[in-house]
Amino acid sequence: MPTITEDRARSRARRVTTYKSAPTILNEATRDFSSSKTYDVFLSHSTKDAELVLGVKLILEDHGRSVYVDWLEDPNLDRTNVTPGTAETLRKRMLSCLSLIYVHSGNSAASKWMPWELGYFDGYKGAVAILPVTKNEETSFYGQEYLGIYPWIDENALSLKELRVHRSASDYKSFREWTGNVQAFRKTA
């Protein structure tokens, strides 16, 4: 299964941070944020993966998707003082997103928020997919057992011009087709 590797995500993030500082990128993202904006993707991720997440966000944007990342779009949320208000803000943001992509990395299992975001969004809209970010292309994706009920995303290894959502290695749709007909593509056990 061709996945997005850590090196690919980090390399994509570094192409931007080479020309602009991280604070500049954050300020630009904050300036562009609108609470009424609809996004293609809510990116569920571990906060320990900042560089990987920035790279994945940029890769998804390279594929024409608009992406919500909480620490970029809502930097006022205090990660050191999480409250019920934090959860309510995230709920509102999820309601304005068409899909949720769960960025699976080595840090995902330790996240308290990722399973909550996944379950909430799955119950609300069902347009949920796992995006494994692996050490290298040969690394297989093994996540927590419950992740196996969801389709996974990769890039077309031949062109890198298409995101594909898979139910199995041979059963996939383009990301655009998947978001247009999620219920017909739900993975069954």
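**Entry 1: helices α5 and α6**

I started with a helix pair: α5 and α6 are oblique to each other, since angles under 35 degrees count as roughly parallel, over 145 as roughly antiparallel, 65 to 115 as roughly perpendicular, and the rest as oblique. I note at once that this is a predicted model, in which local features need pLDDT of at least 70, side-chain atom pairs count only at pLDDT 80 or more, and totals for chains, interfaces and linings use all residues. Residues are numbered from 1 along each chain as its sequence is written, and side-chain values use heavy atoms, with hydrogens and water left out.

I then looked up the geometry. Helix α5 covers residues 84-95, and its axis comes within 11 Å of that of α6, crossing at roughly 45 degrees. Axes here are lines fitted to C-alpha atoms, for helices over the stretch in contact, and angles run from 0 to 180 degrees between N-to-C directions.

Which residues meet? From α5 I listed T86, A87, L90, R91, M94 and L95; they meet W113, W116, E117, Y120, F121 and Y124 in α6. Contact means heavy atoms within 4.5 Å.

**Entry 2: the whole protein**

I counted elements next. The protein has seven helices and eight strands. Both kinds are DSSP runs numbered from the N terminus: helices are H or I with at least four residues, strands are E with at least two.

Of the 189 residues, 46% count as buried. Buried means under 20% relative accessible area, exposed over 50%, and partly exposed in between, with a 1.4 Å probe and protein chains only. I also checked contacts between residues at least 6 apart in sequence: 65% of them join residues at least 24 apart.

**Entry 3: strand β5**

Is β5 buried or exposed? Seven of its seven residues (128-134) are buried, so the rest of the structure largely encloses this strand. I checked each face. V128, I130, P132 and T134 are buried on one side, and A129, L131 and V133 are buried on the other. In a regular strand the side chains alternate between the two faces of the sheet.

I went on to its partners. β1 (residues 4-5) pairs with β5 in the parallel sense over two bridges; pairing requires at least two DSSP bridges between the strands. T5 is opposite T134 of β5. β4 (residues 97-104) is also parallel to β5, over five bridges. There I found H104 opposite P132. From β4 the chain runs through helix α6 (residues 113-124) to β5, a right-handed β-α-β crossover. Right-handed means that, with the strands pointing away from the viewer, the path from the first strand over the helix to the second runs clockwise. Y102 has I130 as its bridge partner in β5.

**Entry 4: strand β4**

I moved to the neighbour. Seven of the eight residues of β4 are buried, which leaves it mostly covered. It is joined to β2 (residues 39-44) by five bridges, and the two run parallel. V41 has S99 as its bridge partner in β4.

I looked for E137 and found it in the loop between β5 and β6 (152-155). E137 is exposed, at 56% relative accessible area. Its C-alpha atom is separated by 7.5 Å from that of I4, although E137 and I4 are 133 residues apart along the chain.

Which way do the residues of β6 point? W152 and D154 point one way, I153 and E155 the other, and all are buried. β6 is joined to β7 by four bridges, running antiparallel. I153 has V165 as its bridge partner in β7.

I followed the chain onward. A169 sits in the loop between β7 (163-166) and β8 (172-174). It counts as exposed, with 66% relative accessibility.

I ended at Y172, which lies in β8. Y172 is partly exposed, at 38% relative accessible area. Its C-alpha atom is separated by 9.1 Å from that of I153, 19 residues away along the chain.
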